[in-house]
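Please walk me through this structure in plain terms.

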Amino acid sequence: MHKPDVTGFYDPRTGSIQYVVADPATGKCAIIDPVLDFDEKSGSTATRNVDAILDHIAAKGLTVEWILDTHPHADHFSAARYLKAKTGAPTAIGEHVKGVQRIWKEIYNWPDFACDGSQWDRLFADGETFQIGELKAHVMHSPGHTLASISYVIGDAAFIHDTLFMPDSGSARADFPGGSAADLWRSIQAILALPDETRLFTGHDYCPGGREARWESTVAEQKATNPHVAGKSEADFVGLREARDRTLPMPKLILYALQVNVRGGELPVAEDNGRRYLKIPLDALPGSVWG
C-alpha cells in the first residue's frame, strides 16, 4: 500500500488541522479542510493559514490536484474557493452536502439558493475512488457530526474529520442540525474496521490539559484507549454523546461560517458600496446552551 506524505497545519484560533497529502512518487498533492482566517470581533478576513500551506507546497515542489472538504464546517470558514483561484485545482465534498444546504437555506431564508452542490467541482458518493498522483483514494460517508460528513482514505491514511478526536479527547459532537449520535457511532465503527495500522488524522484538537496539539493516531490506538469507544456499546456511546452535547454551547462562528461553507467557501457577493455582508439569523438554533 502506498504511504502518502502527510503534513498537518494547526490553527490555534479554531483548533482545526488542515492537511497537505502528497504522493512521494509524483509530487502531486491534495489539500484537505483549509481554513480562511476570520476574526468575528472586527469582521476581518485573512489568508495567513492557506498562504503558509501554499508556501509549503511551493518549497516542496508539489502540484495541487485536489482541494477537499470533509463537510461544511461550523467553526471556521473554508478557504477552498481561495485555493481554487490560486491553484486551478478542483474542489470536492460529499454528495450529501445537498441535504445540509437545504437545512441552512431555510435557516438563512435564501429562497433562490441552489441546493445542488454546484458550488463544488465534484461531489463524491460513498465508496467512490479517485487518485492523487499514483495514490489510490476512496471516500467513506461518515455522517453523525453532520449528515454530509465524509472521510478520505488515501493509501494507509484516513482523514476522519469530526468523528474521533485524539484518543485522550473522545469523539466529536453530534447535535448540529442534521446530526445524529447513532449515525456517528456507526461511522466510527466503519473507521475502526480499517486495518489496525491505518493512520488516522483528525480534524480538530483542543489540547486537553494544556498539552501540545496532536492530530495523528492509529486504528489500534483508538480501539484500545479512546474512552468513547473502548469497551462501549452503541447505547453507551449514544448516551454519553447526547449527555455531553446537551452541555455544549454552539461554536462561536457557526452562524457566520455556515453561510460561507455551504457555498463552497465563497464569501457573500459585494453590495453596491463594495462591501460584503454576513447575515445572522436570530433565535435560529432553539435550545442551544448559552456560552
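**From one residue to the whole chain**

Setting aside its neighbours within four places in sequence, threonine 87 is in contact with Leu54, Val64 and Ile67. These contacts belong to a predicted model. Threonine 87 has its place in helix H2, which covers residues 80–87.

One of its polar atoms lies 2.8 Å from the backbone oxygen of leucine 83. The side chain of threonine 87 also reaches the backbone nitrogen of alanine 89, at 3.1 Å. Proline 72 is 15 residues from threonine 87 along the chain, and the C-alpha atoms of the two are separated by 21 Å.

In soluble globular proteins, nonpolar side chains tend to be buried together. Here the largest nonpolar core has 22 residues, and the members that touch the most others are Val20, Cys29, Ile31, Ile57 and Val64. Two or more residues of this core come from each of strand E2 (16–22), strand E3 (28–32), strand E4 (35–39), helix H1 (48–60), strand E6 (63–68), H2 and helix H7 (254–261). H1 gives the most, with four residues. Isoleucine 57 shows how such elements meet: apart from neighbours within four places in sequence, isoleucine 57 is in contact with Val20, Cys29, Ile31, Leu62 and Val64. There is also a second, separate core of 20 residues, and among its members are Ile32, Ala137, Ile154 and Phe159.

Helix H7 deserves a separate look. Seven of its eight residues are buried, so H7 is largely enclosed by the rest of the structure. The buried residues are Ile254, Leu255, Ala257, Leu258, Gln259, Val260 and Asn261. Strand E7 (77–78) and helix H3 (97–108) are included in what covers them.

Next comes a sheet. Six strands form an open sheet with mixed pairing, in the order E10-E11-E12-E13-E14-E15. Which strands stand at the edges? They are strand E10 (129–132) and strand E15 (216–218); each has a single partner strand, so one side of each is left without a neighbour in the sheet. From one strand to the next, the twist averages 30 degrees.

Inside this sheet, strand E13 (residues 157–161) and strand E14 (residues 199–202) run parallel and are joined by four bridges. Histidine 161 stands opposite threonine 202 in E14. Helix H4 (residues 181–192) packs on the sheet, where H4 touches strand E11 (135–141), strand E12 (150–154), E13 and E14. The direction of H4 makes about 155 degrees with that of E11.

Finally, consider the chain as a whole. The protein chain holds seven helices and 15 strands. Its radius of gyration is 18 Å, close to the 19 Å that the globule rule gives for 291 residues, so the chain is as compact as a globular protein of that length. Along the principal axes, the C-alpha atoms fill a box of roughly 55 × 45 × 35 Å. Of the 291 residues, 53% count as buried. Among contacts with a separation of 6 or more, 67% are between residues 24 or more positions apart.

Terms used: Residues numbered from 1 in each chain as written. Predicted model: local features only at pLDDT ≥ 70, side-chain atom pairs only at ≥ 80, totals over all residues. Heavy atoms only, no water. Contact = heavy atoms within 4.5 Å. Polar contact = N/O pair within 3.5 Å; in protein donor to acceptor, adjacent residues only side chain to side chain. Core = buried A, V, L, I, M, F, W, Y, C linked by side-chain atoms within 4.5 Å. Buried < 20%, exposed > 50% of the residue type's maximum accessible area, 1.4 Å probe, protein only. Pairing = 2+ DSSP bridges. Axes fitted to C-alpha atoms, helices over the stretch in contact; angles between N-to-C directions. Rg over C-alpha atoms; globule rule 2.2 N^0.38 Å.
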